[in-house]
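Colleague: I have the sequence open and would like to walk through the fold with you. Could we take it residue by residue?

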Amino acid sequence: MKEQDMRKHSMTRIGAFASLAILALAAPAVAQQKAPHDHGHAHAHAADDAVYKGYFEDSQIAARALSDWEGDWQSVYPLLMGGALDPVMQHKAEHGEKTAADYRAYYETGYRTDVDRIEIHGDKVSFHSAAGTVSGSYADDGYEILTYEKGNRGVRYVFRKVAGDAGAPAFIQFSDHAIAPVKAGHYHLYWGNDRAALLEELTNWPTYYPADLTESQIVAEMLAH
């Protein structure tokens, strides 16, 4: 209540003091109402962070459609090799246990690919490289849960080719730190003709971000994680 309103509506000082007393009593009630909301938001954020880091229950996992990865995507491998991701490597070195050069070598192995662009529209996936473009139509083939050395886990969402170019891979597997339907902001993609062998691949994980993001926007996204 504004001070001029209090003067207008209070006939005596006693009335003004009474109004202040009511406000004082109401304040804790407001705080008590906000507390559950803040706690719930913090709990949800902590749960999302745990999932991102690979700690979750099987009951939290749900099937996902190819539409979660719909769009036009660019590989970040050329950005790493061109030096655009150097600030990310330096940031990791400042908060990790390796040097920036060590992190760069690690991600050079992880990001390495000759497929610099991927388009996903409906059930069609197109792979663009210097050698040309190959495309295939893909259908849901379930998901697989992987357990890593640290004890955390990941989920690979698998799709199999049902039509398309002979050169298009028979299987593609998405990993984006999510375990339930959500539009991907970026992803790691594994592809090949042997479904089981792909699940064993843990060192090379070509990574894709939306094609319309600039280098600086991708760097900002990476630094946020």
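Colleague: Is histidine 128 buried or exposed?
Modeller: Bear in mind that this is a predicted model. Histidine 128 lies in strand E3 and has a relative accessible area of 16%. The cut-off for buried is under 20%, so histidine 128 counts as buried.

Colleague: Which side chain makes a polar contact with the side chain of histidine 128?
Modeller: Leaving out residues up to four places away in sequence, histidine 128 touches Asp114, Val115, Asp116, Arg117, Glu119 and Thr133. For aspartate 116, which is 12 residues away in sequence, the C-alpha to C-alpha distance is 6.2 Å. The side-chain polar contact, at 2.8 Å, is with threonine 133.

Colleague: Let's turn to glutamine 74. Which residue's backbone oxygen does its side chain reach?
Modeller: Glutamine 74 is part of strand E1, residues 71-75. Its relative accessibility is 17%, so glutamine 74 counts as buried. Beyond four places in sequence, its contacts include Thr207, Tyr208, Tyr209, Pro210 and Ala211. The backbone oxygen that the glutamine 74 side chain reaches, at 3.0 Å, belongs to proline 210.

Colleague: At what angle do helix H4 and helix H7 pack?
Modeller: Two packed helices are described by the angle between their axes and the distance between the axes. Pro87, Val88 and His91 in H4 meet Val219, Met222 and Leu223 in H7. The axes of H4, residues 86-95, and H7, residues 215-223, are 9 Å apart, and the angle is about 15°.

Colleague: Why is H4 called roughly parallel to H7, and what is the handedness of the crossing?
Modeller: The cut-off for roughly parallel is an angle under 35 degrees. The angle of about 15° therefore makes H4 roughly parallel to H7. As for the way H4 passes H7, the crossing is right-handed.

Colleague: Now the loops. Is alanine 168 buried or exposed?
Modeller: Alanine 168 lies in the loop between E5 and E6. Its contacts, leaving aside neighbours within four places in sequence, are Val134, Ser135, Gly136, Tyr138, Lys161 and Asn193. The C-alpha atoms of alanine 168 and serine 135, 33 residues apart along the chain, are separated by 5.6 Å. With a relative accessible area of 2%, alanine 168 is buried.

Colleague: And aspartate 194: which residue's backbone nitrogen does its side chain reach?
Modeller: Aspartate 194 sits in the loop between E7 and helix H6. Its relative accessible area is 44%, so aspartate 194 is partly exposed. The backbone nitrogen that the aspartate 194 side chain reaches, at 3.1 Å, is that of alanine 196.

Colleague: Finally, the whole chain: what percentage of the residues count as buried?
Modeller: The protein has 7 helices and 8 strands. Of its contacts with a separation of 6 or more, 55% come from residues 24 or more positions apart. Of the 225 residues, the buried share is 34%.

Key. Residues are numbered from 1 along each chain as its sequence is written. This is a predicted model: local features need pLDDT of at least 70, side-chain atom pairs count only at pLDDT 80 or more; totals for chains, interfaces and linings use all residues. Side-chain values use heavy atoms; hydrogens and water are left out. Helices (H or I, at least four residues) and strands (E, at least two) are DSSP runs, numbered from the N terminus. Buried means under 20% relative accessible area, exposed over 50%, partly exposed in between (1.4 Å probe, protein chains only). A polar contact is a pair of N or O atoms within 3.5 Å; within protein, one must be able to donate a hydrogen and the other to accept it, and residues adjacent in sequence count only if both atoms are side-chain atoms. Contact means heavy atoms within 4.5 Å. Axes are lines fitted to C-alpha atoms, for helices over the stretch in contact, and angles run from 0 to 180 degrees between N-to-C directions. Angles under 35 degrees count as roughly parallel, over 145 as roughly antiparallel, 65 to 115 as roughly perpendicular and the rest as oblique. A crossing is left-handed if the near helix is turned anticlockwise from the far one by less than a right angle, and right-handed if clockwise.
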